[in-house]
Amino acid sequence: MRACRRPGASGRSSRADAAPTCCWGPSARSWSTGEAAVVRRGGWASGIGGRPAAVVAHMSTIGFIGSGHIGSTVARLAVDAGYDVVLSNSRGPETLAGLVEELGPRARAATASEAAAEGDLVVVTVPLKAYRQVPVEPLAGKVVIDTNNYYPDRDGRIPELDDESTTTSELLQAHLPTSRVVKAFNNIHFPDLADHGRPAGDVGRTTLPIAGDDEEAKREASGFLDALGYDTLDAGPLAEGWRFQRDTAAYVAPYKQGTVTAAVLRARLDEAKRYRDQ
């Protein structure tokens, strides 16, 4: 087992704030200890604007492709944590004037391509049916957080998702072959996401699942979620993202009950059933 190393306010690495998480192996039938780690923040006072020093050193601007309920909620949390945000949507920057005014001087609106280019990390939060419209070139080499879920009534039927031969985030990763996609934020309702963030060590701190094929990308994504007030549990590669997709045990309902610990989340992921088995 390898614990993630997180720099503290001094910039020196320490294992003090790291704790083990678990991964669902592709051939396993139960949870087994994996290589990733639950990343816990040492305190909101570290870094700049309350962000951990490790996050400050590597990213200061978050781009948003899509600024709906989840996108705008993550943007609010990011601004509160000291990040700059560049927002975009399908209707044009001028339609985001109200949100930009609400968020203040750390926020501005742009086109999707501009948000993709300017973000050190980029959150893609558009309806799944529009994923092929996400700009490819500006996202090359970047960590891209995918918040998507598949809703056939909205997105139309996608055969490879209906037969469960792939997942929503694998579709986005195929569309963005030079980016590093991490699935996150898709299994919590936006009012709960706005409300549940807590400092490290708080008994009410909640854990969110992530999935991705690139270990460093998952560490960067975990650092970002950490700065917003959440621990993360690594569910494994993108192919395992189905475990917290729509209508699974880990989807939305646990967060309506209050704090979701890593142990509770792990149990819900373990309970996941494929759509064909529901």
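A residue counts as buried when its relative accessible area is under 20%, as exposed when that area is over 50%, and as partly exposed in between. The legends below apply these terms to a predicted model.

**Figure 1. A salt bridge joins Asp155 and Arg154.** The side chains of the two residues meet with a separation of 2.8 Å from N to O. Asp155 has a relative accessible area of 10% and is therefore buried. Arg154, with a relative accessible area of 33%, is partly exposed. Side chains of opposite charge can pair when their charged atoms come close.

**Figure 2. An open sheet is built from 8 strands with mixed pairing.** The strands follow the order S7-S6-S5-S8-S9-S10-S11-S12. Strand S7 (107-109) and strand S12 (231-234) form the edges, each pairing on one side only. From one strand to the next, the twist averages 25 degrees. Strands of a sheet pair through backbone hydrogen bonds, either parallel or antiparallel.

**Figure 3. Strand S10 pairs with S9 and with S11.** Strand S9 (residues 143-146) and strand S10 (residues 180-183) run parallel and are joined by 4 bridges. Within this pairing, Asp146 stands opposite Lys183 of S10. The pairing of S10 with strand S11 (residues 207-212) is antiparallel and comprises 2 bridges. Here Lys183 stands opposite Ala211 of S11.

**Figure 4. Asn148 occupies the loop between S9 and helix H5 (152-155).** With a relative accessibility of 4%, Asn148 counts as buried. The side chain of Asn148 reaches two backbone atoms: the oxygen of Val126 at 3.0 Å and the nitrogen of Leu128 at 3.1 Å. Leaving aside neighbours within four places in sequence, Asn148 is in contact with Val126, Pro127, Leu128, Arg154, Thr168, Lys183 and Asn186. Among these contacts, Arg154 is also the salt-bridge partner of Asp155, and Lys183 is the residue of S10 that stands opposite Asp146.

**Figure 5. The largest nonpolar core contains 44 residues.** The residues with the most contacts inside this core are Val85, Leu87, Ile145, Phe185, Leu193, Phe224 and Leu228. A second, separate core has 19 residues, including Ile65, Val124, Val134 and Val181. Not counting residues up to four places away in sequence, Val85 touches Ile62, Phe64, Ala75, Ala78, Val79, Leu103, Arg106, Ala107 and Arg108.

**Figure 6. A salt bridge between Arg276 and Glu164 links distant parts of the chain.** The closest N and O atoms of the pair are 3.2 Å apart. Arg276 belongs to the segment after helix H11 (262-270), whereas Glu164 lies in the loop between helix H6 (159-162) and helix H7 (168-175); the two residues are 112 residues apart. Arg276 is exposed, with a relative accessible area of 58%. Glu164 is buried, its relative accessible area being 11%.

**Figure 7. Glu240 and Arg243 form a salt bridge.** Their side chains meet at 2.8 Å, N to O. Glu240 counts as buried at 9% relative accessibility, and Arg243 counts as buried at 5%. Elsewhere, salt bridges that share partners join Arg180, Asp214 and Glu220 into one network. The count of salt bridges in the model comes to 17.

Technical notes
Residues are numbered from 1 along each chain as its sequence is written. This is a predicted model: local features need pLDDT of at least 70, side-chain atom pairs count only at pLDDT 80 or more; totals for chains, interfaces and linings use all residues. Side-chain values use heavy atoms; hydrogens and water are left out. Two strands pair if DSSP finds at least two bridges between them. Axes are lines fitted to C-alpha atoms, for helices over the stretch in contact, and angles run from 0 to 180 degrees between N-to-C directions. Buried means under 20% relative accessible area, exposed over 50%, partly exposed in between (1.4 Å probe, protein chains only). A polar contact is a pair of N or O atoms within 3.5 Å; within protein, one must be able to donate a hydrogen and the other to accept it, and residues adjacent in sequence count only if both atoms are side-chain atoms. Contact means heavy atoms within 4.5 Å. A nonpolar core is a set of buried Ala, Val, Leu, Ile, Met, Phe, Trp, Tyr and Cys residues joined through side-chain atoms within 4.5 Å. A salt bridge is a side-chain nitrogen of Lys or Arg within 4 Å of a carboxyl oxygen of Asp or Glu.
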